[in-house]
Amino acid sequence: MSQLEKTEWIPIMEPSLVGNELKYATEAIQSGWISSQGPFVTKFENQLAQFNGVEYALAVSNGTVALHLALVSLGIGTGDEVILPDLTFAASINSIIYTGAKPVLVDVDKDTFNIDPDLIKKAITPKTKAIMPVHLYGNPCQMDLINIIAKENNLFIIEDSAESIGSEFMNSKLGSLSDVGTFSFYGNKTITTGEGGAILFRDKKIYEKAKILRDHGMSPTKRYWHDYVGFNYRITNLQAAIGVAQMERIEEIISRKIEIAQFYKKNLKEIREIKFQEIPNTGTSTYWLVSIIIEDDDRNSLGLMNHLKSFNIDTRPFFFPLSEMPVYKSYSDSNLNVSKKLSLNGLSLPSFIGLSDLELETIVSKIKNYFNG
Ligand SMILES: *Cc1c(COP(=O)(O)O)cnc(C)c1O
């Protein structure tokens with residue numbers, strides 16, 4: 001293929017539904033159980049618990065309500081503070097604001113793009129109740145240090161693992177390293193149910209409370225009697241049917257994602273302007289999105305993104321720092337320089353498992369062609 005030829009449109013992510021997804025969804029429809037009762041929900045929850053090595057998993061309608069339900073189940077609300085990174089998807093901070101608690105934004109590490117544990121320590125006040133580390137793009141946070149800080153200060157941890165199912169830190173799955181961990185199964189995530197999410201729990205009591213809150217706060221033993229002001233955060237049997245099929249293929253999905261990341265790393269290593277997100281040596285990433293920083297005084301990520309777009313190759317800019325947006329500005333009082341810099345210089349490359357080797361080679365050659373002229 002010539003350097004100037006356009007390829008077919010290569011998206012950044014797309015779901016892979018080539019296993020039993022259609023079969024199980026059809027089964028759900030044929031059975032009539034398309035709402036939130038039915039066998040696939042429990043099956044999906046059991047798969048999630050087992051895969052992540054935890055006792056309790058609860059599937060919910062999406063990753064945002066997973067965070068909200070986790071926070072409420074831990075008793076976090078008005079008057080409390082929750083520390084989170086400045087560089088994340090807005091759902092992380094929104095879920096805290098819904099509870100009435102105050103989010104406290106701290107800066108991230110320039111190499112891992114994840115929350116900086118030293119800055120967590122500095123942000124703790126007598127009102128701090130919890131830390132919400134976000135494993136950005138699949139990359140594990142320093143959970144050993146964060147767990148120590150939480151223990152010393154009597155804080156909960158809510159791991160936002162929306163982007164990192166299957167990633168590990170010190171041989172444990174992300175989402176299983178703290179009080180609660182959440183996932184998203186939106187269509188562009190590593191596994192999908194269309195819309196969907198889940199929470200992992202260590203503590204049986206918190207799990208049971210969350211299960212009641214998921215279902216309108218209704219007593220499980222006395223119908224239409226409500227012990228809490230609850231929510232309807234249930235997932236449907238139809239969505240869970242897709243989830244069960246995705247979980248059957250999770251090892252295959254993860255190994256292809258890792259292969260794709262390794263291909264980019266190997267083939268772009270001589271481009272000195274490109275720096276990959278650094279994975280801690282005590283952890284592994286499942287690379288929701290393979291993410292890079294452009295280290296070049298004259299160019300930011302926009303130039304490469306436009307170049308790739310002209311060849312029909314999709315990319316994604318990093319999130320904007322939350323502290324830059326007027327709606328969230330008041331939740332940070334210092335200048336969060338690293339997240340600002342990463343946001344300007346970072347981009348994510350096509351990372352879905354259906355990418356062919358030929359497409360990967362094309363993407364790499366267009367990137368080389370941008371830097372080498
Ligand atoms: C996707 C995502 C969410 C929210 O998940 P939804 O299922 O879209 O509600 C939360 N946090 C992070 C970091 C995400 O990437």
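A polar contact is a pair of N or O atoms within 3.5 Å; within protein, one atom must be able to donate a hydrogen and the other to accept it, and residues adjacent in sequence count only if both atoms are side-chain atoms. This is a predicted model, in which local features need pLDDT of at least 70 and side-chain atom pairs count only at pLDDT 80 or more, while totals for chains, interfaces and linings use all residues. Residues are numbered from 1 along each chain as its sequence is written, and side-chain values use heavy atoms, with hydrogens and water left out.

For S184, the corresponding separation from a ligand oxygen is 2.7 Å, and a polar side-chain atom of K189 lies 3.0 Å from an oxygen atom of the ligand.The shell around the ligand divides into four nonpolar, seven polar and three charged residues; here Ala, Val, Leu, Ile, Met, Phe, Trp, Tyr, Cys and Pro count as nonpolar, Asp, Glu, Lys and Arg as charged, and the others, Gly among them, as polar.

Attention now turns to another residue. M305 belongs to helix 10, residues 301-310; a helix is a DSSP run of H or I with at least four residues, numbered from the N terminus. Is M305 buried or exposed? M305 is buried because its relative accessible area is 11%, where buried means under 20%, exposed over 50% and partly exposed in between, with a 1.4 Å probe and protein chains only. The C-alpha atom of M305 is separated by 17 Å from that of Q277, and the two residues are 28 residues apart along the chain.

Terms used. Helices (H or I, at least four residues) and strands (E, at least two) are DSSP runs, numbered from the N terminus.
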